[in-house]
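Please read them with the structure open.

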Amino acid sequence: MPFIFVENTVKSFLLEFQAFFSLCVKAVVRLFRRPTYYREFTTQFDKMGVGSLFIICLTGLFTGMVMALQALIQLKPFAATSYVGGMVAVTMVKELGPVLSALMVAGRVGSAITAELGTMVVTEQVDAMRVEGTDIVKRLVATRLKALLVAMPMLAVVTDAVSLLGGFIIAVGYDINLLMYWKSLSQFMVFQDLIEGVVKPFVFGFLIAMIGCYVGLNTSGGAEGVGAAAKRAVVLSSVMVLVCDFFMTKIFIVFR
């Protein structure tokens with residue numbers, strides 16, 4: 001019995017992974033095909049990108065302030081408080097900025113994508129669109145994927161910028177002027193760090209959009225099923241963001 005249970009679990013996982021991978025390939029291919037559904041894209045970009053600015057700015061501001069405060073406490077005994085800007089920048093740009101912004105977006109946008117598509121599935125709107133001859137992947141998945149691929153790197157950059165501002169606000173209280181704060185950035189960061197800070201959110205955006213769309217399109221069980229699907233999408237997206245962050249960091253370290 002245990003062997004059969006493990007076998008069925010592995011088989012189910014492989015089948016689900018195959019379906020998810022197939023949806024990802026179809027969505028990527030349809031990104032470059034007509035029709036473009038420009039209005040749908042702009043609507044989704046407004047919801048995902050512009051609508052997430054407040055929570056992203058709030059996250060970046062207080063994370064930067066906390067990072068600066070902790071760094072200043074550690075650096076003060078060594079009279080090296082002038083390096084606080086560089087420490088905040090390298091931590092936020094390479095790791096915390098992309099990861100925290102992705103987690104915030106996964107909770108806000110990933111759940112919304114799943115709930116929206118899941119509701120369309122259980123109310124048979126998706127079936128009606130198929131009957132009309134509409135390409136579901138092109139209309140519902142590719143537009144959301146494109147919107148989040150554009151929005152996620154921008155949100156990560158905003159998070160980094162606001163976190164540096166928050167770090168400077170704290171640094172001012174320790175008699176660190178803007179010039180000292182700015183000069184310390186180049187002492188800690190290299191150009192590859194900036195590349196890493198943009199590539200990571202791009203990959204995270206892909207994962208969040210595709211997981212949300214896949215779980216949403218496979219929703220069943222009415223209103224209760226929609227709630228369970230939204231919860232599942234958020235958990236899967238958050239875990240995948242953290243797992244992929246580790247492996248991407250390892251890759252960037254190898255090629256440094």
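1. Burial first. Of the 256 residues in the chain, 43% count as buried (under 20% relative accessible area; exposed is over 50%, and partly exposed lies in between, with a 1.4 Å probe and protein chains only). The accessible surface is about 13800 Å², and 71% of that belongs to carbon and sulfur atoms. These areas come from the Shrake-Rupley method with a 1.4 Å probe; for residues, only the protein chains shown count as cover.

2. Basis of the values. This is a predicted model: local features need pLDDT of at least 70, and side-chain atom pairs count only at pLDDT 80 or more, while totals for chains, interfaces and linings use all residues. Residues are numbered from 1 along each chain as its sequence is written, and side-chain values use heavy atoms, with hydrogens and water left out.

3. Fold. The chain has nine helices and zero strands. Both are DSSP runs numbered from the N terminus: helices are H or I with at least four residues, strands E with at least two. Along the principal axes, the C-alpha atoms fill a box of roughly 70 × 50 × 35 Å. Take contacts (heavy atoms within 4.5 Å) between residues at least 6 apart in sequence: 87% of them join residues at least 24 apart.

4. Helix α3. It covers residues 53-75, 23 residues in total. From first C-alpha to last it reaches 32 Å, close to the 33 Å expected at 1.5 Å a residue; the expected span is 1.5 Å times one less than the number of residues. Its buried residues are I56, T59, G60, T63, G64, A68, A71, L72 and L75. The cover over them includes α4 and α6.

5. M154. This residue sits in helix α6. M154 is partly exposed, at 46% relative accessible area. M154 and L53 are 101 residues apart in sequence, yet 9.8 Å apart in space, C-alpha to C-alpha.

6. K94. Leaving aside residues up to four places away in sequence, K94 touches A89, D193, E196, K200 and R256.

7. Largest pocket. A pocket is defined on a 1 Å grid over the protein atoms alone: an open set of points where a 1.4 Å probe fits, with protein on both sides within 12 Å along at least five of seven lines; lining residues have an atom within 4 Å of a point. The largest one holds about 360 Å³ of space. Its lining has 18 residues, and V93, L164, W182, L185 and M189 lie nearest the centre. Two or more lining residues come from each of α4 (84-122), α6 (136-172), α7 (178-188) and α8 (191-217). Helix α6 gives the largest share, six residues. By class, the lining has 16 nonpolar, one polar and one charged residues. Ala, Val, Leu, Ile, Met, Phe, Trp, Tyr, Cys and Pro count as nonpolar, Asp, Glu, Lys and Arg as charged, and the others, Gly among them, as polar.

8. Second largest pocket. Its volume is about 320 Å³. The lining is F13, E16, F17, F20, L207, I211, Y214, V215, R232, L236 and M240. Helices α1 (2-30), α8 and α9 (222-254) each give two or more of these residues. By class, nine are nonpolar, none polar and two charged.

Conventions
Points joined across faces, edges and corners; volume = space filled by probe spheres on them.
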